[in-house]
Amino acid sequence: MSSCKRLQVLNSHISGAPQQSSAMASEKDAALAAVASDSPTIFDKIINKEIPANVVYEDDKVLAFRDIAPQAPTHILLIPKVRDGLTGLIKAEERHCEILGHLLYTAKVVAKQEGLEEGFRIVINDGPNGCQSVYHLHVHLMGGRQMNWPPG
């Protein structure tokens, strides 16, 4: 995928603009085009308030906000405020145990806050085959409807 096309995909994530079949790539294409790097991600820009987000929870370690392209009535992303090399779950080291546990506990807190007592789904996309398009570990919290199985 060309740099221009990759930029279009990332801009669609930022703007929330609907994807057009000829101009915008699918999520799968975005994931296949994404490259892990130490460069700031869209999530870093949200943490730094450079890009607006509909924040539903924030503490000193985690930021949670509504996904701009929700796949369920409730679809929230939870991200660590400090990436610390944690671009994906495959990069997790023992030193990341605290933040990984805190992300999952925070997902439970946010699920309760959102009224998801009947259940919810937690998803972590990892790597190109896992459809990860942003290399800053993030947890998807989805609920508000009956989830299907298998998921993908």
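**Exercise 1.** What percentage of the contacts between residues at least 6 apart in sequence join residues at least 24 apart?

Solution. Contact means heavy atoms within 4.5 Å. In the protein chain, the share is 58%. The model is predicted, so local features need pLDDT of at least 70 and side-chain atom pairs pLDDT 80 or more, while totals for chains, interfaces and linings use all residues. Numbering starts from 1 along each chain as its sequence is written, and side-chain values use heavy atoms, without hydrogens and water.

**Exercise 2.** Find the order of the strands in the open sheet.

Solution. Start with the elements, which are DSSP runs numbered from the N terminus: helices are H or I with at least four residues, strands E with at least two. The chain has 4 helices and 5 strands. Two strands pair if DSSP finds at least two bridges between them. The pairing is antiparallel and gives the order β1-β2-β3-β5-β4. At the edges lie β1 (55-58) and β4 (120-123), each pairing on one side only. Within the sheet, β2 (residues 62-66) and β3 (residues 74-80) share 5 bridges, and Ala64 has Leu78 in β3 as its bridge partner.

**Exercise 3.** Is Glu27 buried, partly exposed or exposed?

Solution. Glu27 belongs to helix α2 (residues 27-33). Buried means under 20% relative accessible area, exposed over 50%, partly exposed in between (1.4 Å probe, protein chains only). Glu27 is partly exposed because its relative accessible area is 35%. The C-alpha atoms of Glu27 and Gln132 are 8.6 Å apart, although 105 residues separate the two along the chain.
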